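Please keep the sequence and the model in view while reading.

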Amino acid sequence: MFKRKSNAAEAAPTAPATYGMMAEFSGTDEIIAAAESVRAAGYTLVEAYTHIPVHGLDDALGHKPTRLPWLVLAGGITGASGLFGFMTWVNLVDYPMNIGGRPNFSWPAFVPITFEGMVLFSAFAAVFGLILICGFPLPYHPVFNAPGFERASLNGFFLCIEAKDPQYDAAKASSLLTKLGATAVHEFSE
Amino acid sequence: MQTSQPLKPPVVETYDELLGPGETYSSVTARIGDIVLYPVLKTPWGWIGGFVAAGLLLMLYLYSLATLFTVGIGIWGINIPVAWGFDIINFVWWIGIGHAGTLISAVLLLFRQDWRTSINRAAEAMTIFAVACAGIYPLIHTGRPWLDYWFLPYPSTLGMWPQFRSPLEWDVFAISTYATVSVLFWFIGLIPDLATLRDRAQHPIPKLFYGLLSLGWRGAAKHWQRYEKASLILAGLSTPLVLSVHSIISFDFAVAQLPGWHVTVFPPYFVAGAVYCGFAMVIVLMIPIRRWFGLHSLITMRHFDVMSKVMLASGLIVTYGYFGEIFYSWYSGSIYEYFLIVNRIAGPWAWSYWALILFNVLIPQVLWFKRYRTNLPVLFFVSMCINIGMWFERWVIIVLSLTRDFLPTSWGVYTPTFYDWATYIGSFGLFFILFFLFIRLLPMVAIFEVRDLVHKTAQKAHDKEDHGHAGA
């Protein structure tokens, strides 16, 4: 589970690979502006780390809207149609029971359980979909190495340019982030 | 940064805002987080005392359940005609309490009510523990609880299936779905806070504990985007879910022809009663908690004011229901319905009906006045009355209808036994032991949401400065 790159460290014990350049900003407006400018400068592998959800930051970083709702829709349809079909099968095929001459396919009576099945499977899709799409559980991630990163869950607003970015150049990235008003800029390794 | 001393800020009551003055990202994080990150050996004595008291009640509960399983449900006061007694009263009462938590966390999220922020976590915990207490009653009231898996549709060797057209079977699905979705929603809400605790914890054991639970949350913008979407979807799912659960519970009654049960108004009437009682329980829990843990600047008087208004509104709907019952018993022209009301008002159990009216209708009228809505001792008293009153409501609906139905020859009496009381009072042991563990191990206020509230409050103040009064 802990994906420390021990092989790389053994091969070159003196220099673990650089992950990227982490800059800290003072507030939401600052980090949105910075994210826009960094993207405008041509960087593509940019991600922000904040302690509260910052609205507009995903647009500034060029993140596409999440596809999670479609997953939830699929879950809901599965749950609803699955349970409705199951009850229909039980009452029509597997165990038909004549109760006061009422029709076997008394679908209005199936509605509550169909609804509950829809909610249950949608919720499973939303929660486990979120966890899977985000790649959790992932207890270790290189960004945790960035100095001061523990503030990303306390009061900090961080912006990171990854070293894998084709444009990445430590000196240029650092000066750009400083120019954009970062309060601290550090290069950090994996 | 982590202090070993309890944070005891001077008590400054805030009446119009959702946050006390001078709160920052760090101060709210410290205030909530440090309650959890205390060293184990410095756990406050009040917590230990409460935990032990809850444990004793839990022992009583386990004793009464053990007796029930070995002797049978004959230890309860139920018989024919009153086959539903404390078991179902307590079930409906507990699950109704649970509904306020979902309402606060889901419905108010959809309506973007900022006042939910500081109370939703604890209210949701209350939901889960109340549903746990509630769910046990239908399981144990079956007589042979070891066969409860028969409720579930599985391909059994008996070749049979549950009766999917029965509200009692709908209940199985509604309550299990409700419990599951509530736990999932709660856990998703906890993830960013668990990451905060992971980053603040000094000791390796809490660091590992919260680190594993937080799943590696790092606050990436892409994750926040999905996270907020998931929260919104879950809120959207929970809202109709909570309405469906209590509606289905009311169908358990409405499906029968019994006087007082066979009415179409039951679903909204039951849902309003659930909200009423649930908000009362939230207030009963919040008043001591904010005092003991010094959360005055996070749970302000404005919160109590707003919660009281919700309570008053749902109380009036319930009151409307009581008058409705009297009206349609007359308007129905059915002598049985008519007799039911006479029996309630002037029968042998009339005192329980009048207790219900006193606790649920008359006393809560003080909530019309802001003076009492923000007077915590009064509010605590009124909320306790509502909790008791709502218990009496279920008592009146269930027992009074069953004791005297159509044929006087089949009338009966119902007297709760020691074990009836023990399974009721004991269930508080389960509830409070879970609640005490919750406030010790998990942040009882959603830290990141309060930080977001700090941000919004600051922005609002900023806008006000920029645009003068017009902008506000």
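## Order of elements in chain A

From the N terminus onward, the elements of chain A follow the order α-β-α-β-α-α-α-β-α-β. In total, chain A has 6 helices and 4 strands. Here helices (H or I, at least four residues) and strands (E, at least two) are DSSP runs, numbered from the N terminus.

This is a predicted model, in which local features need pLDDT of at least 70 and side-chain atom pairs count only at pLDDT 80 or more, while totals for chains, interfaces and linings use all residues. Residues are numbered from 1 along each chain as its sequence is written, and chains are lettered from A and ligands numbered from 1 in the order in which they are written.

## Overall form of chain A

The C-alpha atoms of chain A fill a box of roughly 80 × 40 × 30 Å along the principal axes. A compact globule of 190 residues would have a radius of gyration near 16 Å, whereas chain A has 25 Å. This radius is taken over C-alpha atoms, and the globule rule is 2.2 Å times the number of residues to the power 0.38. Of the 190 residues of chain A, 39% count as buried. A residue is buried if 20 or more other C-beta atoms lie within 10 Å of its own, exposed if 12 or fewer, and partly exposed in between, with C-beta atoms placed from the backbone.

The domain assignment divides chain A into domain 1 (18–65 + 142–189) and domain 2 (68–133); such bounds come from an automatic or database domain assignment. The centres of domain 1 and domain 2 of chain A, taken over C-alpha atoms, are 45 Å apart.

## Where chain A meets chain B

In this model, 50 residues of chain A are in contact with 46 residues of chain B. Two residues are in contact if their C-beta atoms, placed from the backbone, lie within 7 Å. On the side of chain A that touches chain B, the elements giving two or more residues are β2 (46–50), α3 (57–60), α4 (68–94) and α5 (111–133) of chain A. The most come from α5(A), with 13 residues.

By class, this side of chain A has 34 nonpolar, 11 polar and 5 charged residues. Ala, Val, Leu, Ile, Met, Phe, Trp, Tyr, Cys and Pro count as nonpolar, Asp, Glu, Lys and Arg as charged, and the others, Gly among them, as polar.

## Helix α5 of chain B

Helix α5 of chain B covers residues 167–200, and at 1.5 Å a residue its 34 residues should span 50 Å; the end C-alpha atoms are 48 Å apart, which agrees. The expected span is 1.5 Å times one less than the number of residues. Since 26 of the 34 residues of α5(B) are buried, this helix is largely enclosed by the rest of the structure.

At B:Ile191, α5(B) bends by about 40°, and a proline, B:Pro192, follows within four residues. The bend is the angle between axes fitted to the seven residues ending at a residue and the seven starting there.

## Backbone details in loops

A cis peptide bond joins A:Phe136 and A:Pro137, with omega about -5°. A:Pro137 is found in the loop between α5 and β3 (157–162) of chain A. In chain B, another cis peptide bond joins B:Ile80 and B:Pro81, with omega about 10°.

B:Arg112, in the loop between α3 and α4 (120–140) of chain B, has a positive phi near 55° although this residue is not glycine. B:Arg112 is exposed, with 7 other C-beta atoms within 10 Å.
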